[in-house]
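Have the viewer open while you read.

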Amino acid sequence: MTLPGWLERGLADLFPHAADQRNQSLSARLAAAQQADRPLRVKLGIDPTANSIHLGHTILYRKLRAFQDAGHTAVVIIGDFTARIGDPTGKSATRPRLDPREVEENARTYLEQLGPILDFATPGRLEIQRNSTWLAKLDLGQVIRLLGTATVGQMLAKEDFANRYGQGTPIALHEFLYPLLQGYDSVMVRADVELGGTDQKFNVAMGRDLQRCFGQPPQFGLLMPILTGADGVQKMSKSLGNTIGLREDPLTTYSKLEKVADAVVDDYVTLLTDLDPAALPRDPRQRQKAMALEVTASLHGREAAQQAQAAAAALVLTPRSSSTSAAQVPEIRLASIWDWSTPIPAYQLLHGVFKTRAGVTSASEARRRIQGGGLRLDGEKITDPKAAFARETLEGKVLQLGKKTFCRLVA
RNA sequence: GGGUCGGUGCCCGAGUGGUUAAUGGGGGCGGACUGUAAAUCCGCUGGCUCUGCCUACGUUGGUUCAAAUCCAACCCGGCCCA
């Protein structure tokens with residue numbers, strides 16, 4: 001028995017695999033579900049410890065959507081309770097605990113960003129659960145039962161714990177609880193399949209153990225690759241600063257995608273689009289562009305993506321006002337950054353315009369960037385941080401920081 | 001609980017009384033080059049109302065003209081013992 005193409009696309013790992021004889025395979029469970037006219041329950045946990053989603057996350061949501069489109073039920077679990085522990089996976093230190101209000105806020109913005117990806121509309125295709133619903137009610141006896149299902153040896157066999165233990169970095173006891181609670185979520189929602197990144201293998205496997213322990217058929221673990229960030233080497237992660245966020249404007253999204261390392265372009269195509277990699281242009285530069293266009297389109301719509309592509313070309317090739325005037329770039333209102341009773345010094349302008357998006361977090365940082373030659377106004381390089389600009393001389397012009405960050409100044 | 005070692009900037013890691021905003025490396029950012037890539041070279045990498053001022057080496061006090069560097073208490077961590 002083979003798996004449908006939509007399911008197999010991009011898969012990093014599926015367990016138990018059909019070859020592991022004694023359990024029935026996923027394709028068998030799919031068939032059985034179809035025969036019984038019962039959709040599979042596909043679990044995906046959201047860790048609401050951050051407030052924005054980046055492209056790396058969408059790999060999982062796209063797969064979840066594929067299940068929805070095949071008629072199955074997506075069970076999205078908001079880990080509002082487990083967020084208080086913090087997933088130790090991949091972490092080299094105990095994480096600070098978040099307060100519930102923050103968690104709630106994160107969950108809200110998270111779901112908002114998922115709007116374009118998941119099917120929220122079709123009845124029966126989406127369930128949203130908060131794991132505090134059941135986890136907050138566990139009493140000590142039940143916790144002890146959970147703790148009894150795993151051993152210290154198993155926990156220490158987990159790579160992150162092993163590393164931390166080996167290096168002498170602290171591991172708090174409650175961190176051992178995280179995999180167990182995530183597994184217990186699978187029990188509570190009676191998951192048939194759990195989706196996760198390859199780094200989630202341990203936690204997903206734990207879900208199988210717990211389900212078996214609670215007399216349920218164990219779920220299948222379906223793991224997707226971790227997306228490599230723009231640098232092409234490290235995983236895409238907020239803390240590494242190599243992310244492409246879902247809330248970024250189309251031009252920024254496109255610009256970042258277009259300069260992704262060659263080695264990962266094909267991964268992006270497989271994991272973030274429905275295109276056939278073989279159908280793309282051979283030339284690496286053209287290939288990058290095609291990928292960037294398609295991915296941007298999947299997030300912002302085709303029209304916005306095409307505009308972004310045109311704008312990117314215009315801005316880079318001829319960074320002059322004649323061509324940029326036609327380009328669509330994010331805008332910022334001058335009134336929002338200065339009172340204009342006096343002309344604004346260049347470094348204040350830079351600080352005011354880009355502090356929220358390009359990491360110009362201080363006026364000193366702005367000075368440095370200008371001194372380093374990274375600032376242009378309508379293509380004209382500005383080198384003196386103190387050069388002053390009156391409001392009238394700025395209206396309608398494009399401020400450029402580095403090669404890929406642009407902003408149009410409007411009244 | 002006892003013993004011992006340790007806590008420095010985004011990360012690692014020098015520095016044990018006085019040009020120290022603090023050597024070096026990594027990462028990041030910018031510039032040149034290029035394919036808006038990679039590689040390479042160069043610059044930057046605490047804050048501000050910036051020819052100066054302010055804040056910083058776990059925390060709080062103390063000694064001193066002067067401390068990341070000395071003393072005390074406390075907090076946190078590793079290892080060994082219980």
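Predicted model: local features only at pLDDT ≥ 70, side-chain atom pairs only at ≥ 80, totals over all residues.

Helices here are DSSP runs of H or I with at least four residues, strands are runs of E with at least two, and both are numbered from the N terminus.

Residues are numbered from 1 along each chain as its sequence is written, chains are lettered from A and ligands numbered from 1 in the order in which they are written, and side-chain values use heavy atoms, with hydrogens and water left out.

Two strands count as paired if DSSP finds at least two bridges between them.

How do β1 and β6 run relative to each other, parallel or antiparallel? They run antiparallel, and three bridges join β1 to β6 (residues 220-224). β5 and β6, on the other hand, run parallel and are joined by five bridges.

| Residue | Bridge partner | Strand of the partner |
|---|---|---|
| D13 | L223 | β6 |
| F15 | G221 | β6 |
| V193 | F220 | β6 |
| I332 | L409 | β13 |

β6 is mostly covered, with five of its five residues buried; buried means under 20% relative accessible area, exposed means over 50%, and partly exposed is in between (1.4 Å probe, protein chains only). In a regular strand the side chains alternate between the two faces of the sheet. For β6, F220, L222 and M224 are buried on one side, and G221 and L223 are buried on the other.

**Around the sheet**

Two loop residues are handy landmarks. P16 sits in the loop between β1 (13-15) and α2 (26-36) and is buried, with a relative accessible area of 10%. T228 is in the loop between β6 and α11, and T228 is buried too, at 17%. Beyond its neighbours within four places in sequence, T228 is in contact (heavy atoms within 4.5 Å) with V233, Q234, K235, M236, V264 and Y268. Q234 and P16 are 218 residues apart in sequence and 28 Å apart in space, C-alpha to C-alpha.

Helix α4 (residues 100-114) has 15 residues and reaches 21 Å from its first C-alpha to its last, close to the expected 21 Å; the expected span is 1.5 Å times one less than the number of residues. Its buried residues are V103, N106, A107, T109, Y110, L111, Q113 and L114. What do they pack against? The buried residues of α4 pack against β2 (41-46), α3 (55-69), β3 (73-78) and β4 (126-130).

**The five-stranded sheet**

There is also an open sheet of five strands, in the order β7-β13-β12-β9-β10, with mixed pairing. β7 (331-333) and β10 (380-381) are the edge strands, each pairing on one side only. β7 pairs with β13 in the parallel sense over three bridges.

The search uses a 1 Å grid over the protein atoms alone: a cavity is a set of points where a 1.4 Å probe fits but cannot get out, a pocket is an open set with protein on both sides within 12 Å along at least five of seven lines, and lining residues have an atom within 4 Å of a point. Grid points are joined across faces, edges and corners, and a volume is the space filled by probe spheres set on the points.

By this rule there are two cavities of 30 Å³ or more. The second largest cavity has a volume of about 30 Å³ and is lined by D249, L251, T252, S255, P330, R357, K404, T405 and F406. α11 (250-258) and β13 (405-410) each supply at least two residues of that lining, and α11 gives the most, with three.

The second largest pocket holds about 680 Å³ of space. Of the 25 residues that line this pocket, T243, E248, T252, K256 and R357 are the closest to its centre. α11 gives the most to the lining of the second largest pocket as well, with three residues.
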